[in-house]
Amino acid sequence: MTDPIQKPPRKNPQVRTVTPTQPPMMRSRAALGLSAAAAEGRFALQTCAECGAVQYPPRDACSTCLSSDLPWQDTSPVGDLLAETTIRTSTNLYFRERAPWRAGSVRLDAGPTVICHVHGDVAPNARVRLINRLDRSGQGVILALPEERTPNMEDDPQMRAMSSDPKHRRVLITDARNPNAPALAKALADAGASMIFVGEAEQWRPNPNRDTLSAIQGVEVLPLDVTDTKSVQELAGEIGGKTDILVNNARFVRPGDVLSRGDTAFAHDEMEVNYLGLMRLAQAFGPAMSSRTADGVNSAVCWVNILSAAALASMPGYGAFSASNAAALSLSQNMRMQFRPSGLRLMNLFVGATDDEWHQHLPPPKVLPPAIARNLVAGLRDGLEEVYCGDIAKDIRDRLRAGAKVLEMELSMEGGQ
């Protein structure tokens, strides 16, 4: 049984922060399919379209019939642990710093035998359940878990290294005025976050969320305006060195397409908050977080952007807002590239239409704050890079995969009605 991790003592500021290291990250083009599935928390393997043989490791031709048609498909993750060993030293610095490290081989019920990491609670020769997760280099790796849940299993060092679990970590939520802020703070507190900083712009203005936020244990409301570079830099100077997870929920939304608006005032505000606000946060908080990804139990682990599903496809009636979110998505992808060498993960949480006054005229389904909070915590615990919250976001994802041009044409017909 895994021992629960303990809250770390206050750090000695005179002690040097450990330099981040990475596990091996080189993969073949075929193997990147494993990483793509891991980014969404799916266990998928190549399955031959000709003979149906499940493949592992990833390859360019079927091991049975030599067909090159090997689509990735969700696969049963259950199997038997054949053998296991504990690695106590390594030529790779990342694993040497984290030894001992358990590894083994598992024969899947689906057919192939997989070399994988092994959770500390897995008994020899036991039935196991495999999960596909991103390691700190951003590549998909497989971890064998006990078939049934065990106490404190998420505190296993190997499992925690592949997640962004908020337990004992300090979180910054950027917008206290967003209706989802109280739900996010409560969910993170329940998940074990040790401190939750919440940024509030224009503190002289009444904020209906302030009392609710202040009542949550561990929450501290601080001044932060993502449209003001000085405000962002001042807060980064105060808490940037102890922010382990940053949740950017700041947004500005107004209905309106390009031709229906008489000027660019609202479009300017949308870009100022949704795109440039993200850039200011990245420039102020990104370097400090990237330098602390090997800082022990409460190391910096994840940057979260809560984006509209309109970032994926322009939504009728919200053209300018869609453009600002598409710009934010493109920026977040560039941030992910820059975070990758340090092991800092970036997670995009896409949400459909939310239940607020700016989406009042849209029909259900709509996303409520508790659903966003649940998906946020689940995505952090699973170490994901892409999370889709609500039926609309998931439908857009599926329709994009089926045919991006078809989706564009469908949405354009809806917008023209």
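Predicted model: local features only at pLDDT ≥ 70, side-chain atom pairs only at ≥ 80, totals over all residues.
Asn-348 stands opposite Glu-386 in strand E15. Strands E14 and E15 pair in the parallel sense, and 4 bridges connect them. Helix H10, residues 391-402, packs on the sheet and touches E14 and E15. The direction of H10 makes about 125 degrees with that of E15. Helix H9, residues 369-381, lies across E12, E13, E14 and E15, and runs at about 155 degrees to E14.

The sheet as a whole may now be considered. Strands of a sheet pair through backbone hydrogen bonds, and the pairing may be parallel or antiparallel. Here 7 strands form an open sheet with parallel pairing, in the order E11-E10-E9-E12-E13-E14-E15. Strand E11 (219-223) and strand E15 (386-389) stand at the edges; because each has a single partner strand, one side of each is left without a neighbour in the sheet. From one strand to the next, the twist averages 20 degrees.

Ser-308 illustrates the point, since its relative accessible area is 11% and a residue under 20% counts as buried. Leaving aside residues up to four places away in sequence, Ser-308 touches Phe-321, Asn-325, Phe-350 and Val-351.

The helices also pack against one another. Helix H6 (residues 229-239) and H7 pack at an angle of about 30 degrees, and their axes are 9 Å apart. Angles under 35 degrees count as roughly parallel, and H6 and H7 are therefore roughly parallel to each other. Their crossing is right-handed. To the contact, H6 contributes Thr-229, Val-232, Gln-233, Leu-235, Ala-236 and Ile-239, while H7 contributes Arg-280, Leu-281, Ala-284 and Phe-285.

Helix H4 provides a further example of burial. Because 7 of the 10 residues of H4 (residues 181-190) are buried, this helix is largely enclosed by the rest of the structure. The buried residues are Ala-181, Pro-182, Ala-183, Leu-184, Ala-185, Ala-187 and Leu-188. Just after H4, Gly-192 takes a positive phi of about 105 degrees.

Most residues other than glycine have a negative phi, and most peptide bonds are trans. Which values of phi do Asn-125 and Asn-152 take? Phi of Asn-125 is near 60 degrees, a positive value in a residue other than glycine. Asn-125 lies in the loop between strand E6 (113-118) and strand E7 (127-134), and at 60% relative accessibility it counts as exposed. Asn-152 has a positive phi of about 60 degrees and lies in the loop between strand E8 (140-146) and helix H3 (157-161). At 25% relative accessibility, Asn-152 counts as partly exposed.

Two peptide bonds are cis. The bond from Tyr-56 to Pro-57 is cis, with omega near 0 degrees, and Pro-57 lies in the loop between strand E2 (54-55) and strand E3 (72-74). A cis peptide bond also joins Ala-99 and Pro-100, with omega about 0 degrees; Pro-100 is found in the loop between helix H2 (93-98) and strand E5 (101-108).

Gly-111 is partly exposed, with a relative accessible area of 47%. The C-alpha atoms of Gly-111 and Ile-392 are separated by 36 Å, and these residues are 281 residues apart along the chain.

How values were computed. Residues numbered from 1 in each chain as written. Heavy atoms only, no water. Buried < 20%, exposed > 50% of the residue type's maximum accessible area, 1.4 Å probe, protein only. Helix = DSSP H or I, 4+ residues; strand = E, 2+ residues; numbered from the N terminus. Axes fitted to C-alpha atoms, helices over the stretch in contact; angles between N-to-C directions. Parallel < 35°, antiparallel > 145°, perpendicular 65-115°, else oblique. Left-handed = near helix turned anticlockwise from the far one by under 90°. Contact = heavy atoms within 4.5 Å. Pairing = 2+ DSSP bridges.
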